[in-house]
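Good morning, and thank you for making time for this presentation. I shall ask you to look at the structure on the screen while I describe one part of it.

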Amino acid sequence: MNAAAPSFEKATDTELGALFARLNAKAPLLARSPAAVRADKLRKLAKAVLDARPAILEAGRKELRLCDTDIDAQLLMVTAEAEFIARNLEAWMQRQDVQGTIMTLGKRCYVQYEAKGVVLNLATWNAPIAIGLVPLMGAIAAGNSMLLKPSELAPQSAQVLADIVAKVFEPDEFAVVQGGPEVAGELLTLPFNHIFFIGGHAVGRLVMRAAAEHFASVTLEMGGKNPVIVDASADIADAGRKIAWGRVANCGQVCLAPDYALVHRSVQTEFVEQLGGAMRAMYDADGRGFRHSPDLPRIVNRRHFDRIKSLLDDAIAQGATLAFGGETDADDLFVSPTILTDLKPQMRIMQEEIFGPILCVLPFDQREEVIAEIASRPKPLGSYIFAKDREAIDWFLARTTSGSTVVNHNLIQSGTNPHLPFGGVNASGIGRIGGRFSFLECSNARAVVEEGPPITDPNLMFPPYSDKYKKMVAQMLAKPVNLPNSAINAINGVIKFTSALRRR
């Protein structure tokens, strides 16, 4: 295997082009590889990840000051995903026969899944191991060659990813390149067949524009302002505890984290008290202050810290109430768990994704106010509903849309069940990741129809059209023939049987 993945921080477009050419040349061979070979690679990748756990832990501590348990959660996501795909891949790769119709009597119709070619993953920094590898497990499963560019904001994790991949894959099958935006820009000029990107809207637009030049398909996950609805019927203590965890996990640097809470006015005061109390219990149980919590990470860098601080300062300057927290330290990249109330629509914090441990709390009196507030923003990646009233849950589900929704919890829909698709809708994302959905994203679903024995005159459908054929088409148009599937299957069975007898 390749000894080390190259750094392309100052690479020329020629070097990256040559790397792409090698990946592209290997792609047809990978596309013909059997399920067992692909499954073996997935399991070897999972083992390499576990073998690299000490280096991964060290990188997570230095980059975000993460606790080991949070990093292990990423590794669990990676290893569970690899095993799920490996175990099911052979069935997914089989030709999928589809139901026939009266128009395809005597014919075999099926879907054949084939590799798209060369897949690019532009990965982000907030969960670098999982985000770097999980999407590309679908590419491995589908038989593609791959290129991963980890985020330059998590450089140690990027190097660990490069080392892991180098232990399992040949460099013309799965390459890792490191570098900043310039490298990403050069990669986007190359004719990849599919592109994964997890990140913000600005880069997401660049990815889509670049993909359009080569008609590449894309899977985008771009986050947004995720709402959490707290109905009057909710268990407020339970909601406060779970939302506190969901908002502050990874110091709020999670694409699915709740960004603002729409709380029924009758329970708003209690909710804020429970939320603040839960934040204190989780991250300041000994009373020494949030900055001393071993479980509270830091903001990734000074630029992101300054952005979050400016959102907080702007809101307070415009009249927002600091209901809890609000401590910051630029030198330590520290932002404490924070709750804001008395917010106004024009505040930047109500318009931009926060990506930090700050929750905005807005009261509502009527359900319709919730719908209007959510609809005033782009469709979110995730949404959350806390309620004990089943009718209220169904009411909110029917009148909102998001990539995913969790009822009476938050942040548990990704990486926990590979049967569920993960992704956004419109501004929050395109496409789906997870289990078979990742496999399908990286596959071309090729429709195949195999001609069978003729059941009428084989020349009937060709010009010049006979009166008989014209009449047949006109009759079908005037009164469609709606045979049940069982009847169509029975007729096809008879056709196959009689055809077999003729061949004897």
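Predicted model: local features only at pLDDT ≥ 70, side-chain atom pairs only at ≥ 80, totals over all residues.

Strand β8, residues 226-230, runs parallel to strand β15, residues 382-386, and three bridges join the two. Both strands belong to an open sheet of seven strands with mixed pairing, in the order β10-β13-β14-β9-β8-β15-β16. Which strands form the edges of this sheet? They are β10 (321-324) and β16 (404-407), each of which pairs on one side only. From one strand to the next, the twist averages 25°.

Helix α12, residues 367-375, lies across β8, β9 (258-264) and β14 (358-364).

Finally, I would draw your attention to S402, in the loop that lies between α13 (390-399) and β16. Is S402 buried or exposed? Its relative accessibility is 14%, and therefore S402 counts as buried, the cut-off for buried being under 20%.

The side chain of S402 has two polar partners to show you. It reaches the backbone oxygen of S404 at 2.8 Å, and a polar contact of 3.0 Å joins it to the side chain of T405. If neighbours within four places in sequence are left aside, S402 is in contact with P380, L381, G382, S383 and V425.

Thank you for your attention.

Note on methods
Residues numbered from 1 in each chain as written. Heavy atoms only, no water. Pairing = 2+ DSSP bridges. Helix = DSSP H or I, 4+ residues; strand = E, 2+ residues; numbered from the N terminus. Axes fitted to C-alpha atoms, helices over the stretch in contact; angles between N-to-C directions. Contact = heavy atoms within 4.5 Å. Buried < 20%, exposed > 50% of the residue type's maximum accessible area, 1.4 Å probe, protein only. Polar contact = N/O pair within 3.5 Å; in protein donor to acceptor, adjacent residues only side chain to side chain.
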